[in-house]
Amino acid sequence: MAIAQSWSLHRTVLRQNARQNAGLRSARAPLHRVAPMRATCAAAAAGGTATYVRETMHTLPDGMRLELLHQPASSPEAARPPLLFIHGSYHGAWCWRERWMPFFAEAGFDCYAVSLRGQGRSDCRRSDGEKIRVSGDMASLTADLAHVVAALPSPPVLVAHSFGGLLAESYCTQLGGSAPVPAVAGVAVVCGVPPSGNKAIVGRVFKKSLVLAWKITWAFVGKSFARSLDECRFTFFSKDLPRGDLIRYQRQLADCTDVRLLDLAALNKALPLPPLPQEARMVPAFVAGGTDDVVVDWPAVEETAAWFGVQPVKWEMMAHDCMLDSRWSEAAASLRDWLTTSTARQRAT
């Protein structure tokens, strides 16, 4: 599948799934408004009209609640799908709220960002009070994501980062199956883990440098980024990120969660992901990565792009946290251009 694909066929699929999605939405728990964590007017990053971030909690079938942020489009356009942002390890919905949500809201997209189970401000304790040790496996996290997608007003474009990218890929493998997940309008994987997982990435890093491999491993296993600004910059950000931003982001990363997102041993047994089913091949896809990303290297980005059947977009001088890094606006602009073009094609069919 190329980026320039048949939007007419995809639009037909969305229409066929509309009734199914409506049924899922009616059968599942609604979004629940909670008291604001803080009053937030997010438009400074985008330099445009202010819209407020609505802080909600989405209730899952087992009673656990996921943090779900919503920033309405500044000037909504009916033909544009909503965006659902999905984070990776040691992150939460907060990482999208800072820069990308106001940017894309200003561009006319309704923006949602979810914190996965046990991450960010999402519940980390079950109804019996027991704290979870890991957010889940690929199957359970995909089911959680499907529950959120079904609650949105229309099929979204999934915008996924790091291990969130692997989750979005897993979601796509279940489109159109015997028990299909709700339809999506597109998928964008940015600096995302490829469908084979991170084993090949680790192997390439070890061949390149044992010191580099140790630093990356210790960053995630020992959370060294939470104690050292230098380690935080090395792992997630560029050398020219302002120190004030680095300090602020490190605090968010350190405080985000102590619950592991995935059990890597169990994850490796479920990988590699199978090829995309036919229905998923009709879903528009965007894949991009940074040249300075020490977590997800360029060969991994190429693998993901090949799996989706698209050409990868290379972001020069971009570190892993593309939504927060020094050149976040350049990355956001390239994704916005793709979304705008894709939306225009869909509107024309």
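**Ground rules.** I number residues from 1 along each chain as its sequence is written, and side-chain values use heavy atoms, with hydrogens and water left out. The model is predicted, so local features need pLDDT of at least 70 and side-chain atom pairs count only at pLDDT 80 or more, while totals for chains, interfaces and linings use all residues.

**K223.** I looked up its place first. K223 sits in the loop between α7 (210-221) and α8 (229-236). Helices here are DSSP runs of H or I, at least four residues, numbered from the N terminus. K223 is buried (under 20% relative accessible area, 1.4 Å probe, protein chains only). K223 has no salt bridge (a side-chain nitrogen of Lys or Arg within 4 Å of a carboxyl oxygen of Asp or Glu). D258, the nearest side chain of opposite charge, is 7.2 Å away. I then listed contacts (heavy atoms within 4.5 Å). Leaving out residues up to four places away in sequence, K223 touches Y90, W218, A254 and T257.

**α8 and α9.** Next I checked the axes, which are lines fitted to C-alpha atoms over the stretch in contact, with angles from 0 to 180 degrees between N-to-C directions. The axes of α8 and α9 (residues 243-256) come within 10 Å and cross at roughly 90°. That makes α8 roughly perpendicular to α9 (65 to 115 degrees). From α8, L229, C232, R233 and F236 make the contact, and from α9, R243, L246, I247, Q250 and L253.

**α6 and α7.** The axes of α6 (residues 199-208) and α7 come within 5 Å and cross at roughly 140°. V205, F206 and K208 of α6 meet L210, L212, A213 and I216 of α7.

Key. Helices (H or I, at least four residues) and strands (E, at least two) are DSSP runs, numbered from the N terminus. Buried means under 20% relative accessible area, exposed over 50%, partly exposed in between (1.4 Å probe, protein chains only). Lys and Arg count as positive and Asp and Glu as negative; His and the chain ends are not counted. Angles under 35 degrees count as roughly parallel, over 145 as roughly antiparallel, 65 to 115 as roughly perpendicular and the rest as oblique.
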